[in-house]
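Open the model in your viewer and follow the stops below. Each one says what to select and what is there.

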Amino acid sequence: MKYVKEFRDPDKAQGLVREIDKLSQKLGYSSDRPLKIMEVCGGHTHSIFKYGIEEVLPNNVELIHGPGCPVCVMPRGRLDDAIALSEKLNVIFTTFGDAMRVPGSQKSLLQAKAQGADIRMVYSPLDSLQIARENPDKDVIFFGLGFETTAPSAALTILQAEAENIYNFSVFSNHVLVVPALEALLSNPDLELQGFVGPGHVSMVIGTEPYRVISEKYQKPLVVSGFEPLDILQSIWMLLQQMLEGRCEVENQYSRVVKEGGNKVALEAMGKVFEVREKFEWRGLGDIPESGLKITDAYACFDAEIKFCVPNKKVADAKACQCGEILKGVLKPWQCKVFGTACTPENPIGTCMVSSEGACAAYYKYGRLFKKEEGKKVEVVASCSPTGRSGKIVSGA
């Protein structure tokens, strides 16, 4: 890739939209019975709204937002565990910034920090390891969050800590796996999906092979996609083309970054340090078998759950918050009663409004506070306007 603008060409976008419209008509979908495609990754959700992709699609194609935001799927009980660890004597607790304001059952990490806990924002687990080097009399805990995208960096940091004999460093692992989550969604009778726009960042690590179960067992096509407007539109076109041809395969639109076998170095580090949990709780999806990663016995001295006592209790979500249904794709953010009123980025009730990848945050940021008006079309008029949108609504059916 030489230029970003190559992937934001409005003429090519218009051409793809026209082809998507033709294919969806041939497949027999209507606005009353739309074709439903889930974009799994929260990064895709934000790109879709930033560039106005949902508005340019025909009314018989509906995008469903999936559970691809690692902060959003974290259950309140695990957040409470993280806060409990941060408040222990002689502990420095480190975390990525988007987890700071996520509300637990009583408070957030940011509020715990205001009350005196030594909680520090880092950009990498290696930053946490450096803090451990500089504070040998303290226990430094890194809040391990994310899918297979971020798990390798945590694994490599643990290996580095072992090599340097830095044993005052540990990881509170909450890393999760994407394919078991997709299988859990497909077993939900409330959710009807015709295909998936697969996550780009996760696939950069794991490759495309793990998704075969989605196409072969569940007979749903999946296209791994990049994050630019033309990437997403082309991925949707590829899904529809598969359906029209009666195929059900895993395809890779993001071939400039994602390889079939993934990143071998990252996978080897993960395989050495982590093992699959018997089950892990996801917000909105409940306990999903073999969907989380824990640190192996060989590296137990770097496992915060073993070194420290954590409550490890299940905590119900706030009654007013419907993040669980949004993460499952059953509801859109504007269908939540507190969205945009009691729940805003400044005063979040649920995780989907906090994280930079959350669906509620995307809807709020890009002005989608209400249901899209029916009977309107959108023209792509520029590659990227000053507000970040790439389309405008024009009157007409």
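**Stop 1: two helices**

Helix H1 covers residues 10-26 and helix H11 residues 229-244; they pack at about 25°, with axes 9 Å apart. Helices (H or I, at least four residues) and strands (E, at least two) are DSSP runs, numbered from the N terminus. Axes are lines fitted to C-alpha atoms, for helices over the stretch in contact, and angles run from 0 to 180 degrees between N-to-C directions.

This is a predicted model: local features need pLDDT of at least 70, side-chain atom pairs count only at pLDDT 80 or more, and totals for chains, interfaces and linings use all residues. Residues are numbered from 1 along each chain as its sequence is written, and side-chain values use heavy atoms, without hydrogens and water.

Now show the side chains in contact (heavy atoms within 4.5 Å). Those of H1 include Leu-16, Ile-20 and Leu-23; those of H11 include Leu-233, Trp-237 and Leu-240.

**Stop 2: the sheet**

Select the open sheet of 5 strands, in the order E2-E1-E7-E8-E9 with parallel pairing (at least two DSSP bridges between two strands). Its edge strands are E2 (61-68) and E9 (250-252). The twist averages 20° from one strand to the next.

Zoom in on E7 (residues 195-198) and E8 (residues 222-224), which 3 bridges join. Here Phe-196 stands opposite Leu-222 in E8.

Finally, bring back H11, which packs on the sheet and touches E1, E2, E7, E8 and E9.
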